[in-house]
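Keep the structure open as you read.

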Amino acid sequence: MATQALMNTYGTRSLTIARGKGAVVWDLDGKSYLDALAGIAVCGLGHAHPAVTAAVTRQAETLVHCSNLYNIPVQQQLAAKLCQLSGMTNVFFGNSGAEANEAAIKLARLYGHSRKIKVPTIIVMEQAFHGRTMATLTATGNRKVQAGFEPLVSGFVRAPYNDIDALKTIALNNSDVVAILVEPIQGEGGVAIPDADYLRNLRVLCDQHQWLLMLDEVQTGNGRTGTFFNYQHSDILPDVVTTAKGLANGFPLGACLASGIAATLMKPGNHGSTFGGNPVACAAALATVDTIVAENLMARAASLGETLKSAFAAAFADYPQVKEIRGQGLMIGIELDRPAADLVQLAADAGLLINVTAERVVRLLPPLTLSDAEAQQLVDTLTALITTFVSNS
Ligand SMILES: Cc1ncc(COP(=O)(O)O)c(C=O)c1O
């Protein structure tokens, strides 16, 4: 399909997806694919979910847009629901994960200035991914994302992921630090799972130094890892949590949630967005969140994730080329001992949509509504593909 009129940010794309239903999508020729990627963790309820379709249709027939100059009841309802689910007290809505993180970064700076810190500095992690705007690509720990866009934004220091001692060293040497921005699981970084007590230790450290703990749950949020937000596995509360992706099942919506002092920092005129918290996106999100909670899809993600990991562990037991199978809920990485990008096309040829990240990690982010039969199909198809791939390449 001709792409001459598009900027070439995504390279050549061989597949055109024409429609979807649940965990299945079809291309222009009518070939079906099991979607184990869900638009990169976006369509948690699968494609064309009736509750979302109905909510969006109803809202589109009523009011598509009015701007944030006016009350938007569905936005306020969504904010209240997200606060109830997260333990936070206030929400700012943008349109994407990057914008949610921009809001968090701005909060950290307001917080720093409120404490008379002249160069408020945020600790960010190696291999992190926080988005493609100038501040969020600076926060991202991947040179490929930054290269060509210098000068980068100041006010960030980098630490290794899952390394509390490194953060303690920064604390000793840098009195400008005001916050930590971190993913509870690094998605783009290769489905990197930190130690079980990592978030709890981060909370303690942040309390000791009066730093804001800001969690990027753009990918891990909205039920994907077995709780609504990933930090709920650790029984802590962050000061700020950002989310997007699965929040509105495909409609553009990002949210920056805050509690405590972080929730009080934004004042009229500090921040805004024309489209952020748009009525249609919020209606989609309310239907999405209500469905995730009503059908307890968090629990489904947790149990199906364990089933999938065990099935892959058994299937690859005799394949040392498969280095590790890891994940939480329906965020699963299968790390190979070699570059794995070619598997994406091989999988598509076999009727399966997957993704490869961090060069060697096959990443699975299927809808939380995946059926048992679809899960079995995913295991069978991917096992055959990977065992052939590592035996022949
Ligand atoms: C953890 C994390 N943060 C932020 C982003 C950026 O989100 P968006 O592409 O919606 O700006 C992503 C996207 O992959 C992400 O995985």
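Covering rests on contact: two residues are in contact if their C-beta atoms, placed from the backbone, lie within 7 Å. Helices (H or I, at least four residues) and strands (E, at least two) are DSSP runs, numbered from the N terminus. The model is predicted: local features need pLDDT of at least 70, side-chain atom pairs count only at pLDDT 80 or more, and totals for chains, interfaces and linings use all residues. Residues are numbered from 1 along each chain as its sequence is written.

H12 covers residues 372-392. Its 21 residues reach 30 Å from first C-alpha to last, close to the 30 Å expected at 1.5 Å a residue. The expected span is 1.5 Å times one less than the number of residues.

Which residues of H12 are buried? They are Glu374, Ala375, Leu378, Leu382 and Ile386. Buried requires 20 or more other C-beta atoms within 10 Å of a residue's own, exposed 12 or fewer, and partly exposed lies in between; C-beta atoms are placed from the backbone. Seen down the axis of H12, the buried residues fall within an arc of 95 degrees, so they line one face of the helix. The arc is that of the directions from the helix axis to the C-beta atoms. An α-helix has 3.6 residues a turn, so residues three or four places apart point the same way.

On the other side of H12, Asp372, Ala373, Ala384, Thr388, Ser391 and Asn392 are exposed. Gln376 also sits in H12. It counts as partly exposed because it has 13 C-beta neighbours inside 10 Å.

Now step back to the domains. The chain divides into domain 1 (17-45 + 297-392) and domain 2 (50-294), with bounds from an automatic or database domain assignment. Their centres, taken over C-alpha atoms, are 27 Å apart. The contact takes 24 residues from each of domain 1 and domain 2. On the domain 1 side, H10 gives the largest share, five residues.

Last, the ligand. 14 residues surround it, and the closest are Ser96, Gly97, Ala98, Val218 and Gln219. A residue counts as near if its C-beta atom, placed from the backbone, lies within 6 Å. Helix H4 (residues 97-114) supplies the largest share of this shell, three residues.
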